[in-house]
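Subject: The structure you asked about

Hi there,

Here is the structure to look through, with some notes below on what turned up. Please have it open beside you as you read.

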Amino acid sequence: MTPKYIWLAHFVGLFMTCILSQDCNLLKVHLSTVTWQNLKILNEMSNSIPIECLREIQDFKLPKEIQPEKTSIKYIFYEMFTQAINIFSQNTSNSTWDKEQLVQFQNKLYEQIEYLQQCLNKENKEKEDMKEVKADEKEHSGAEVLWQSQLKLRRYFSRIYNFLKDKKYSRCAWEIVRVEIRRCFHYFETFTKS
Amino acid sequence: MDDWIKLPGCQHTAGTKCYFSLPDLDVYEELQLRIRTEKGNDTSSWSEVYSFIPFKKAQIGPPKVHLAAEDKAITIYISPPGTEDNVMWSLDEKAFTYRLVMWKNSSNIEERIETVHPGGKIYKLSPETTYCLKVRAELLMYSKIGIYSPVCCINTTVENKLPPPENLEISANNESYILKWDYAYVNVTFQVQWLHGFLKVISGTSLHKWEQIPNCEHIKITYCVFLRKLLPKGIYYLRVQASNGNSTSFWSQEKKLNTAIYTIIPPPVISMKPVNDSLRVYVNAPEVPLIYEISFWENNSNTERKIKEKTDFTIANLQPLTVYCVKARAHFVSESWNKSSIFSDIVCEKTKPGNSYKSWVIAGICIAAVFIVVIIYIMKNLLRCFNYVFFPSLKPPSNIDKYLSEQPLKNLLLLTTEEQIERCSIIENTNTNTIMKETNQIDEDHKRYNSQTSQDSGNYSNEDENTGSKASEELLQLETGSPETNS
């Protein structure tokens with residue numbers, strides 16, 4: 001009985017994201033699963049930070065004041081994944097990561113970006129259709145909150161970019177960034193549960 | 001007091017407009033400006049503070065466009081808006097989406113509007129025609145739409161001898177993907193290439209790193225079969241090119257492969273548990289909203305019943321003590337497509353016995369309990385009889401007891417070790433010495449006789465006389481007889 005269930009669990013893990021990537025209504029479940037998979041890859045790419053890099057650790061001030069709600073979560077995740085793919089597409093020649101794993105990570109991120117883009121486009125279309133209807137105040141303030149959250153996230157990623165540039169994409173810098181991105185994913189994944 | 005800094009480029013300006021740039025500016029932080037007028041040595045007071053976030057206010061400028069033409073397609077190379085060291089869009093370089101408007105130079109009416117990736121192609125054009133286009137960058141996430149680039153025109157080339165392959169289609173089975181295409185001519189060989197989807201986004205205008213599919217180089221057939229594991233889960237693009245030794249065709253239109261579409265839904269794992277007169281069915285389901293189609297039937301019949309369920313459920317109203325078998329398959333239905341799994345293994349289970357049987361069992365238990373009580377009672381009585389027969393009490397029955405009220409007589413009935421002896425004395429006295437000796441012996445005999453006949457007191461005296469006389473005769477003979485024997 002047990003080996004059978006292990007096989008099934010393995011298959012289910014692979015299969016869930018595939019199937020879920022087609023339906024925007026299952027967004028939260030999808031994002032949760034996918035983020036865990038990304039975290040797994042980030043973990044496997046490297047062992048812990050080498051000791052000599054510890055003194056270069058910097059506090060990037062992850063914006064924990066951002067508490068995305070159901071409506072805004074796809075924007076936050078789109079931003080997060082887009083920035084992550086941008087960061088990891090820069091010069092990683094100094095890192096000691098397995099190239100295959102890096103490619104797999106980028107592949108996964110791209111899949112999510114495509115999926116989220118499709119969902120965002122759908123939402124934009126719906127909004128355009130409803131343009132005649134006046135947006136009520138609640139929605140307006142919601143949009144403002146979203147803007148603020150996006151800006152905070154932007155500043156956070158800007159700090160990471162500048163750090164990498166300043167350290168000239170060294171091996172230590174990449175390790176620190178890898179850990180930071182992992183923290184970021186982990187924090188926002190908790191909002192897919194609510 | 002705030003630390004106000006002079007804005008370079010906007011000092012002593014003549015008009016009411018000035019241009020400034022702050023290279024180290026954090027475009028996501030609020031920026032505050034204030035203005036005052038000066039005339040000679042007089043200055044006005046400061047205006048109201050104008051604060052804004054540069055990124056929010058900023059408008060996207062025109063991208064830079066560079067074109068390359070084929071016979072029926074144009075390749076568009078796009079550089080993102082802003083300079084290389086631009087600060088405003090440094091985080092968005094790869095997030096821009098580009099929208100293109102294209103028309104034939106001859107007729108301004110015909111317009112095509114498309115979304116395009118940098119390095120992307122526009123297909124289905126006519127050869128030897130001039131096409132003009134303009135491109136703008138967009139950041140939909142922030143509802144920002146940029147300005148169009150200046151118009152760019154290009155001529156498509158003469159039609160190529162070999163056309164590119166057309167109508168690329170992808171299908172899959174358990175182990176491999178199959179790419180099929182159409183081609184009008186024979187005696188050509190094909191080669192197939194693939195590309196990671198994300199490279200289209202992140203590599204910008206640099207050449208994309210297309211890779212060959214092994215087993216599909218210089219093939220003569222119009223299809224390519226390759227193992228699924230070559231392209232693990234993700235988004236890819238495939239393209240095909242034809243060649244006949246002398247010339248090669250341009251690359252076909254790229255076909256997007258999203259491996260997610262070809263995933264196999266595993267069959268569900270079901271287990272059953274009989275509950276009363278129904279069967280509880282447990283489906284091992286992932287967190288995905290699948291619909292399960294369940295077929296169940298009685299073990300020896302042919303009629304199947306089908307139901308649709310979402311999670312664990314109960315099949316009710318079944319026959320007791322019957323074996324039912326169940327098999328299930330999963331369906332995934334979404335807006336774009338639907339998929340089904342194969343049927344699971346068949347699981348059979350017997351239902352529990354019915355309620356009437358149960359009541360018979362209870363009755364049986366009651367009867368058994370009563371039976372046991374009766375048995376115990378009988379056994380008790382038997383034990384009493386047994387004890388009476390083999391281990392009687394030594395009390396005499398009550399009616400005899402009446403007569404045995406005196407103590408000494410009671411003692412007579414008991415066997416004692418002590419012998420009761422009566423002393424006897426001789427009445428006749430002839431040979432007193434010998435008789436005396438004899439009487440001692442006789443006494444002893446008597447004693448012996450007494451002991452023997454102690455119980456019989458009646459016969460006692462007669463025997464005594466006989467023995468006594470016999471003994472005296474013997475004595476007389478002894479005394480008189482001796483002279484006779486001497487001769």
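At what angle do helix H2 and helix H3 of chain A pack? The angle is about 25 degrees, and the axes of H2 (residues 27–45) and H3 (residues 73–88) are 12 Å apart. Axes here are lines fitted to C-alpha atoms, for helices over the stretch in contact, and angles run from 0 to 180 degrees between N-to-C directions. Helices (H or I, at least four residues) and strands (E, at least two) are DSSP runs numbered from the N terminus.

A word on the ground rules: this is a predicted model, in which local features need pLDDT of at least 70 and side-chain atom pairs count only at pLDDT 80 or more, while totals for chains, interfaces and linings use all residues. Residues are numbered from 1 along each chain as its sequence is written, chains are lettered from A and ligands numbered from 1 in the order in which they are written, and side-chain values use heavy atoms, with hydrogens and water left out.

From H2(A), the residues in contact (heavy atoms within 4.5 Å) include Leu31(A), Val34(A) and Asn38(A), and they meet residues of H3(A), among them Phe77(A), Phe81(A) and Phe88(A). The residues of this contact divide into nine nonpolar, two polar and one charged. In that count, Ala, Val, Leu, Ile, Met, Phe, Trp, Tyr, Cys and Pro are nonpolar, Asp, Glu, Lys and Arg are charged, and the others, Gly among them, are polar.

Next, the salt bridges. Some to look at:

- Lys167(A) and Glu56(A) meet at 3.5 Å, N to O. The pair links distant parts of the chain, 111 residues apart: Lys167(A) is in the loop between H5 and H6 of chain A, and Glu56(A) in the loop between H2 and H3. Lys167(A) is partly exposed at 33% relative accessibility, and Glu56(A) is partly exposed at 23%. (Buried means under 20% relative accessible area, exposed over 50%, partly exposed in between, with a 1.4 Å probe and protein chains only.)
- Arg178(A) and Glu175(A) have their closest N and O atoms 3.3 Å apart, and both residues are buried.
- Glu70(B) and Lys121(B) have their closest N and O atoms 2.8 Å apart. This pair also links distant parts of its chain, 51 residues apart, with Lys121(B) in strand S9. Both are buried.
- Glu79(A), Arg154(A) and Asp92(B) are linked in a network of salt bridges.

In chain B, His196(B) sits in strand S15 and is buried, at 13% relative accessibility. Beyond residues up to four places away in sequence, His196(B) touches Val103(A), Asn107(A), Ile235(B) and Tyr236(B).

Finally, the backbone. Most residues other than glycine have a negative phi. His12(B), not a glycine, has a positive phi of about 55 degrees, and Asn187(B), not a glycine either, has one of about 60 degrees. His12(B) is exposed at 69% relative accessibility, and Asn187(B) is exposed at 71%.

Best wishes

Methods: A salt bridge is a side-chain nitrogen of Lys or Arg within 4 Å of a carboxyl oxygen of Asp or Glu.
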